[in-house]
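Here are my notes on the model you sent over, as numbered points. Have the structure open while you read.

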Amino acid sequence: MSTVVIVGAQWGDEGKGKIVDVLTQKADFVARYQGGNNAGHTVVIGNEKYVLHLIPSGILHKGTRCAIGNGVVIDPSALLEEMDTLRSRDIDIDNNLCISQNAHIIMPYHTAIEREQEKSKKIGTTGRGIGPCYTDKIARHGIRAIDLLRPDIFREKLRANLSVFNYLLQNLYKAAPLNEDRIFDEYMVYAQKLSKFIADVSQIINREIASGRNVLLEGAQGTLLDIDHGTYPYVTSSNTISGGACTGTGIGPTRIDRILGIVKAYTTRVGEGPFPTELDNELGEMIRQRGGEFGATTGRPRRCGWLDIVGLRYAVAINGLTGIGLTKMDILDGLAKIKLCVGYKYNGQVYDTLSTDLDILKNCTPVYEEMPGWTESTIGIKDFSGLPSNARAYIKKVEEMLATPIQIISTGQKRDEIIILDGQFN
């Protein structure tokens with residue numbers, strides 16, 4: 001039995017949802033370990049499309065138990081809406097989901113303050129209050145899921161926090177203040193609906209592992225958006241790397257057996273920040289349209305570019321990847337030539353691994369290696385030998401450059417359009 005971490009190896013949107021969905025066929029328990037409803041995982045099963053924002057995509061498998069870990073920040077309204085949507089599609093939420101009592105709760109003042117901050121400092125946030133909620137967590141005056149179950153404590157914390165946030169809204173941003181009673185009443189309704197799901201998730205996961213069960217830990221966003229190790233300040237507010245799986249669920253690092261990094265066959269990013277291999281041209285637009293590169297949560301168009309080996313070498317090291325899941329190979333079908341960025345040239349020096357120095361990332365010139373493309377379709381191919389020879393060569397080249405085995409290859413949106421060379425679980 002194994003504990004496997006799934007992590008995005010780029011700037012997010014790598015297709016983690018599908019890979020988690022596929023691997024969940026052999027998983028007993030799936031937990032999300034960081035982020036909030038600023039992330040979205042899209043899974044296509046047959047002709048049905050599911051978009052999940054907070055609940056692990058493992059929930060789509062009958063009988064698989066799922067958890068939202070303490071590293072996640074939760075907007076109760078968004079969570080309940082997602083739960084109701086899944087119920088309406090006959091997904092068993094009520095018997096298969098638990099929520100960490102230590103997960104922090106997004107409040108209306110978090111979304112209000114973030115919208116005001118984004119007006120003056122463009123980071124590219126979704127305006128969903130994720131950053132301010134994490135700020136409160138670190139500042140030690142956040143509100144946790146367990147506080148929803150204790151109305152007196154919740155009211156006390158709400159009042160204290162509103163005194164600060166309303167002052168900022170009124171005096172700094174010239175915005176309207178928020179009403180304490182209205183928020184209290186709203187969140188007590190949420191508490192009533194969520195109370196049966198709130199539990200000690202760390203204890204549950206450790207028990208599952210000790211019992212020899214297959215456990216899958218699912219991250220959101222990607223390595224280069226990590227608050228500590230990403231392209232700061234153009235990052236998210238949590239630890240997206242594999243180490244976040246430990247802190248975000250409450251297990252020790254020795255419990256983890258494998259770390260699978262999900263890599264798109266090209267590169268995308270959403271929002272502001274440097275992007276050395278960006279294709280701001282007709283080819284980039286073609287990839288965007290063909291790949292459906294629009295945010296699952298916000299609908300924002302994603303910036304598209306060639307595969308960045310430099311950034312991926314960094315991701316392999318930071319995460320300790322034991323394998324790679326390669327997605328969206330089919331989007332490259334029909335291209336005459338395909339480029340791989342193998343270095344960053346800056347001030348006469350060539351870097352072969354990513355630097356978090358923004359000046360280098362903003363002003364470097366990508367060094368490319370060119371490979372021949374393929375004209376044949378790769379959609380739906382389920383065996384490696386069935387791929388076009390140039391597609392196999394591309395995969396082998398990436399594998400060689402990263403010194404990490406490519407163990408899963410997605411060849412389309414649907415659940416069964418996939419090549420599995422290693423199923424991760426023993």
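1. Start with Cys66, which stands opposite Leu97 in S7. This belongs to the pairing of S5 (residues 65-68) with S7 (residues 97-100), where the two strands run parallel and are joined by three bridges. Keep in mind throughout that this is a predicted model.

2. Move along to S2 (residues 29-32), and S5 turns up again: S2 and S5 pair in the parallel sense over four bridges. S2 also pairs with S10 (residues 215-218), again parallel and again over four bridges. In S5 it stands opposite Ile68, and in S10 Arg32 faces Glu218.

3. Now zoom out to the whole sheet. Ten strands make up an open sheet with mixed pairing, and the order is S9-S7-S5-S2-S10-S1-S11-S15-S19-S20. Which strands stand at the edges? They are S9 (198-199) and S20 (418-420). Each has a single partner strand, so one side of each has no neighbour in the sheet.

4. S3 (residues 41-45) and S4 (residues 48-52) run antiparallel, with five bridges joining them. His41 has Leu52 in S4 as its bridge partner. Two residues sit between the strands, and Gly46 in the turn has a positive phi of about 65 degrees.

5. Asp13 has a positive phi of about 65 degrees even though it is not a glycine; you'll find Asp13 in the loop between S1 (3-8) and H1 (16-23). The other is a cis peptide bond between Tyr232 and Pro233, with omega at about 5 degrees. Pro233 is in the loop between S10 and H8.

6. On to the aromatics. How many aromatic pairs does the structure hold? There are six. Ring pairs link Phe154, Phe184, Tyr187 and Tyr190 into a cluster. One member of that cluster, Phe184, also has a charge over its face: Arg155 lies there, at 4.0 Å from the ring centre. Elsewhere, the charged end of Arg89 sits over the ring of Tyr50, 3.9 Å from its centre.

7. Have a look at the second largest pocket, with a volume of about 240 Å³. Its lining has 16 residues, and those closest to the pocket centre are Tyr134, Lys137, Ser237, Ser238 and Asn239. Helices H4 (130-139) and H8 (243-247) are the elements that give two or more residues to this lining. H4 supplies the largest share, with five residues. What is the lining made of, by residue class? Eleven residues are polar, four are nonpolar and one is charged.

8. Last, the overall picture. The chain has twelve helices and 20 strands. Its radius of gyration is 22 Å, close to the 22 Å that the globule rule gives for 426 residues, so the chain is as compact as a globular protein of that length. Along the principal axes, the C-alpha trace spans about 65 × 50 × 40 Å.

Key
Residues numbered from 1 in each chain as written. Predicted model: local features only at pLDDT ≥ 70, side-chain atom pairs only at ≥ 80, totals over all residues. Heavy atoms only, no water. Phe/Tyr/Trp six-rings, centres within 6.5 Å; stacked < 30°, edge-to-face > 60°. Lys NZ or Arg CZ within 6 Å of the ring centre and 35° of its normal. 1 Å grid on protein atoms, 1.4 Å probe; cavity = no way out; pocket = protein on both sides within 12 Å on 5 of 7 lines; lining within 4 Å. Points joined across faces, edges and corners; volume = space filled by probe spheres on them. Nonpolar A, V, L, I, M, F, W, Y, C, P; charged D, E, K, R; others polar. Pairing = 2+ DSSP bridges. Rg over C-alpha atoms; globule rule 2.2 N^0.38 Å.
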